[in-house]
There are 2 protein chains.
Amino acid sequence: MTSQVTGSLAFLLSKLGQAAAERFADRLAPLGLRPRHCAVLQLLEAAPLGQLALARTIGVTPSVVVDMLDELEGVGAVRRVRDTADRRRQLAEITEEGRELSRSAAEVASQVDAELLGGLTPDQKRALRQALTTVATAHDLLPHG
Amino acid sequence: MTSQVTGSLAFLLSKLGQAAAERFADRLAPLGLRPRHCAVLQLLEAAPLGQLALARTIGVTPSVVVDMLDELEGVGAVRRVRDTADRRRQLAEITEEGRELSRSAAEVASQVDAELLGGLTPDQKRALRQALTTVATAHDLLPHG
């Protein structure tokens, strides 16, 4: 009964995760977006947010948030505005262009899902989603919406 | 009905895949191994192989194979030997130490599986394995054993 590394779920997950990430990044690139931008845009669709709040919610350092906002500002998806409640604070606000990009990114993600998982039955897709969501939640890997 | 990037299976897979890969790499490091070494050791457990055959089977370039074999030789897991059928050719051969390392790596992979997927029922684990294997096979992501 020798188990093998390549038969482990960790191995399968890392191979598939890498394939999914690369494919998604490739498809997003023409939009001027990177995968890590998507969660930021999604959050800002609900309301403008400060950098610290964004960092906490996404689970990255504030300096990474600054980089991401610079990049998003560069493609016109985000603008920095003064917080009306506290004029010393800056908030990141999504633009109309940003909302459009976020919608396009969601379409790209759906396409990648369809391409990657085309070989699965609807039941298998449901089971896969349920299992992955359970594991991701248990390990605190999802943005805290 | 706005779907979101973070709700896509591609997003979930990439997050979990990254977490699985990082955890596995961390646990392997004390053995002097990297994740990419494991498939090589597994293949060499069956028989000595030439660099081109290894490259083809794992799906990497020959120069990556050379690097991996250098690293594996460095930890005493592999030795290069002359092919008795063709003295100009070199084969990579696993050592006793290499077999031991490969067993340890498989144990590490099992531990990581247990840690990552502890929240799933046996049925969920089976469904997850089946779905991931189907997708990985469809996209030719597994070593050609």
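Predicted model: local features only at pLDDT ≥ 70, side-chain atom pairs only at ≥ 80, totals over all residues.

Reader: Where does Asp140(A) sit?
Author: Asp140(A) lies in the segment after α6 of chain A.

Reader: Back up a bit. How many helices and strands in chain A?
Author: Six helices and two strands make up the elements of chain A. Their order from the N terminus is α-α-α-α-β-β-α-α.

Reader: What does the C-alpha trace of chain A span?
Author: About 65 × 30 × 25 Å along its principal axes.

Reader: What percentage of chain A counts as buried?
Author: 37% of the 145 residues of chain A. As for contacts in chain A with a separation of 6 or more, 54% join residues 24 or more positions apart.

Reader: Now the two chains together. How many residues of chain A are in contact with chain B?
Author: 48 residues of chain A, in contact with 48 residues of chain B.

Reader: Which elements of chain A give two or more residues to that side?
Author: Those are α1 (9-28), α2, α5 (96-116) and α6 (122-138) of chain A. α1(A) gives the largest share, 14 residues.

Reader: How does that side of chain A divide by class?
Author: The side of chain A that touches chain B has 30 nonpolar, 15 polar and three charged residues.

Reader: Zoom in on α1(A) and α6(B). At what angle do they pack?
Author: α1(A) and helix α6 (residues 122-138) of chain B pack at about 45°, and their axes are 10 Å apart. That angle makes α1(A) oblique to α6(B). The crossing of α1(A) with α6(B) is left-handed.

Reader: Which residues make the contact?
Author: From α1(A), they are Leu9(A), Leu12(A), Leu13(A), Lys15(A) and Leu16(A). From α6(B), they are Leu128(B), Arg129(B), Leu132(B), Thr133(B), Val135(B) and Ala136(B). By class, this contact of α1(A) with α6(B) has eight nonpolar, one polar and two charged residues.

Reader: Next, the core. Which residues touch the most other members of the largest nonpolar core?
Author: Ala10(A), Ala105(A), Ala109(A), Ala10(B), Ala105(B) and Ala109(B), out of 81 residues in that core.

Reader: What does Ala10(B) touch?
Author: Leaving aside residues up to four places away in sequence, Ala10(B) touches Ala20(A), Phe24(A), Ala109(A), Val112(A), Asp113(A) and Leu116(A).

Reader: Helix pairs within a chain now. How do α2(A) and α3(A) pack?
Author: Helix α2 (residues 35-46) and helix α3 (residues 51-58) of chain A pack at about 120°, with axes 11 Å apart. α2(A) and α3(A) are therefore oblique to each other. Their crossing is right-handed. Ala39(A), Val40(A) and Leu43(A) of α2(A) meet Leu54(A), Thr57(A) and Ile58(A) of α3(A). Five of the contact residues are nonpolar, one is polar and none is charged.

Reader: Over to chain B. What is the angle between α3(B) and α4(B)?
Author: Helix α3 (residues 51-58) and helix α4 (residues 62-74) of chain B pack at about 110°, with axes 9 Å apart. α3(B) and α4(B) are therefore roughly perpendicular to each other. Gln51(B), Leu52(B), Leu54(B) and Ala55(B) of α3(B) meet Pro62(B), Val65(B) and Val66(B) of α4(B). The contact of α3(B) with α4(B) has six nonpolar, one polar and no charged residues.

Reader: Last one. Is Leu44(B) buried or exposed?
Author: Leu44(B) is buried, with 23 other C-beta atoms within 10 Å. Leu44(B) is in helix α2 (residues 35-46) of chain B. Among the residues Leu44(B) touches are Leu49(B), Val78(B) and Ala92(B).

Note on methods: Residues numbered from 1 in each chain as written. Chains lettered and ligands numbered in written order. Axes fitted to C-alpha atoms, helices over the stretch in contact; angles between N-to-C directions. Helix = DSSP H or I, 4+ residues; strand = E, 2+ residues; numbered from the N terminus. Parallel < 35°, antiparallel > 145°, perpendicular 65-115°, else oblique. Contact = placed C-beta atoms within 7 Å. Nonpolar A, V, L, I, M, F, W, Y, C, P; charged D, E, K, R; others polar. Core = buried A, V, L, I, M, F, W, Y, C linked by C-beta atoms within 7 Å. Buried ≥ 20, exposed ≤ 12 C-beta atoms within 10 Å, placed from the backbone. Left-handed = near helix turned anticlockwise from the far one by under 90°.
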